[in-house]
Amino acid sequence: MAKRKTNTLIVGLTWGDEAKGKIVDLLAADHDIVVRYNGGNNAGHTVAFDGATYKLHLVPSGLFRENVTCVIGGGVVVDPKVLLDEIARHEAKAPRLRRRLLVSSRAHTIWPWHTKLEALSEKHQGKGKIGTTLRGIGPAYADKANRVHAIRIGEFLRPDHLQKKVQRIVEARNEVFVKVFGEAGLDAAAVWREYAAYGEAIRPMIADTTAYLLRAVAEGRRILFEGAQGTLLDIDHGTYPYVTSSNASAAGAWPGAGVPARAIGDILGVVKAYTTRVGEGPFPTELRDDIGSQIREQGHEYGTTTGRPRRCGWLDTFAIRYAARLNGIDGIVITLLDVLGGLPELRICTGYTVDGKPLADFPDDPATLEQAKPVLESLEPWKEDISCARSYRDLPRATRAYVKRVEEVIGAPVRIISIGPSREQTIFRS
Ligand code: IMP
């Protein structure tokens with residue numbers, strides 16, 4: 001038998017919103033550290049226990065586990081205001097959170113010019129917009145790549161330097177806001193007053209998290225890597241350009257956390273029992289009919305971050321198989337399986353055709369994906385409410401047949417099944 005691996009990585013296999021937060025919260029109980037490695041507050045991770053629901057955007061979903069250290073890795077972009085609001089909102093339920101939360105000095109930051117630029121740019125794109133979450137994520141990552149006007153969290157430790165830098169950046173950005181967009185500029189002094197205070201509040205949590213994690217790896221402490229968004233939103237391997245601006249696949253974990261790739265361990269790919277997408281971009285299995293609406297209502301498919309209704313469709317195992325292979329997953333987690341109960345019919349997509357010809361591989365360009373027609377396979381629906389099941393055997397025969405078929409077509413074992421938002425509504429399979 002293979003040696004038990006120490007660390008675990010949780011990654012979404014579709015376009016995000018796979019209920020990864022619940023899975024991270026559960027598995028965090030068996031880990032020492034949870035580290036977010038990509039994205040920012042475009043993410044919306046939901047954790048539910050003791051009858052209450054908590055929505056997280058930046059703080060790793062291990063925060064409610066008292067013995068877990070939460071790390072925001074260098075690959076994350078941090079909006080300081082959102083981070084502090086989130087800590088304040090949850091610290092009553094997350095004991096000693098400020099002492100258990102480390103924010104990488106290497107993480108880049110989101111400022112008012114990022115959100116303002118994104119809002120203007122999406123508006124001016126009109127029909128060609130990406131449909132972003134408008135949280136400034138893309139502009140912040142663009143500045144990181146561009147380097148000249150980027151600010152890392154660690155710079156809050158040098159306020160005099162940062163104040164001058166903010167002044168310089170605002171002057172440069174105002175040229176664009178005023179001259180290109182005909183909008184009002186930002187007030188550098190006001191921005192600095194607000195953000196200097198955020199910097200002071202974050203200062204005790206700033207750390208060289210790469211050094212911290214490398215030590216943890218050497219000491220054999222168990223690390224849980226928490227991916228945000230999903231593989232099909234990965235900037236390099238997703239459905240570009242309708243993607244986010246970070247590596248949302250497992251490939252983002254080693255640069256985003258700052259650990260060697262071989263330290264990752266077990267990789268679990270999370271999928272919902274059906275597929276959803278928010279924002280623009282091709283979605284071959286999308287259901288624009290009553291069944292799509294039924295899934296949306298039964299699954300409460302409205303964005304955690306923006307409240308936008310999510311587009312819903314049949315489980316796209318052709319796309320998921322691609323994502324599963326790209327991430328090199330060891331197992332699958334299926335979430336929201338209970339939502340499929342009571343649907344009049346049940347299908348999964350096992351392939352795509354373009355002009356009647358089957359595709360060998362998941363398309364690498366949006367035009368082909370736009371033309372792709374899903375090859376659908378019908379499976380037996382079930383009527384029962386499965387949300388009270390506590391073991392695999394409790395599930396109706398048709399539900400188990402669905403799970404088995406998903407394993408076959410994706411080519412990996414289903415290790416965890418989630419049948420409701422709370423911790424107890426989970427079935428672990430050995
Ligand atoms: P951005 O990440 O805000 O730049 O948005 C780019 C695309 O990714 C848009 O289609 C968003 O709806 C989508 N997106 C970003 N974050 C998430 C997420 O956490 N869940 C689902 N979709 C997301």
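Modeller: Rings of Phe, Tyr and Trp count as a pair if their centres lie within 6.5 Å. The model discussed here is predicted.

Biologist: Which residues do ring pairs link into a cluster?
Modeller: The structure holds 12 aromatic pairs. Some of these rings are joined to one another through ring pairs, and the cluster consists of W111, W113, F156, Y195 and Y198.

Biologist: Are the rings of W111 and W113 stacked or edge-to-face?
Modeller: Planes under 30 degrees apart count as stacked, and those over 60 as edge-to-face. The centres of W111 and W113 are 5.1 Å apart and their planes meet at 10 degrees, so this pair is stacked.

Biologist: Is W111 buried or exposed?
Modeller: Buried means under 20% relative accessible area. W113 falls in that class, and W111 is likewise buried.

Biologist: What is the angle between the planes of W382 and Y402?
Modeller: The two rings form an aromatic pair with 5.8 Å from centre to centre. Over 60 degrees counts as edge-to-face. The pair of W382 and Y402 is edge-to-face, with an angle of 70 degrees.

Biologist: How many residues apart are W382 and Y402?
Modeller: W382 is in the loop between β18 (373–379) and α13 (397–410), while Y402 is in helix α13. W382 is buried at a relative accessible area of 2%, and Y402 is also counted as buried, at 2%. The pair links distant parts of the chain, with a separation of 20 residues.

Biologist: Over which ring does the charged end of R429 sit?
Modeller: A charge sits over a ring only if it is within 6 Å of the ring centre and within 35 degrees of the ring normal. K116 lies over the face of F177, at 5.2 Å from the ring centre. For R429, the distance is 4.0 Å from the centre of the ring of Y392.

Biologist: With which residues is L186 in contact, leaving aside its neighbours within four places in sequence?
Modeller: L186 lies in the loop between α6 (159–180) and α7 (188–202). L186 is partly exposed, with 22% relative accessible area. Its contacts beyond those neighbours are P112, W113, K116, V170, N174 and F177.

Biologist: In β20, which residue is the bridge partner of I417?
Modeller: Strand β19 (residues 414–418) has 4 of its 5 residues buried. β19 pairs with β15 (residues 331–335) in the parallel sense over 3 bridges, and there V333 has I416 as its partner in β19. β19 also runs antiparallel to β20 (residues 426–428), with 3 bridges between them, and in β20 the partner of I417 is I427.

Biologist: What is the radius of gyration of the protein?
Modeller: The protein has 13 helices and 20 strands, and 57% of its 430 residues count as buried. Its C-alpha trace spans about 65 × 50 × 40 Å along the principal axes. A compact globule of 430 residues would have a radius of gyration near 22 Å, and the value for the protein agrees, at 22 Å.

Key: Residues numbered from 1 in each chain as written. Predicted model: local features only at pLDDT ≥ 70, side-chain atom pairs only at ≥ 80, totals over all residues. Heavy atoms only, no water. Phe/Tyr/Trp six-rings, centres within 6.5 Å; stacked < 30°, edge-to-face > 60°. Buried < 20%, exposed > 50% of the residue type's maximum accessible area, 1.4 Å probe, protein only. Helix = DSSP H or I, 4+ residues; strand = E, 2+ residues; numbered from the N terminus. Contact = heavy atoms within 4.5 Å. Pairing = 2+ DSSP bridges. Rg over C-alpha atoms; globule rule 2.2 N^0.38 Å.
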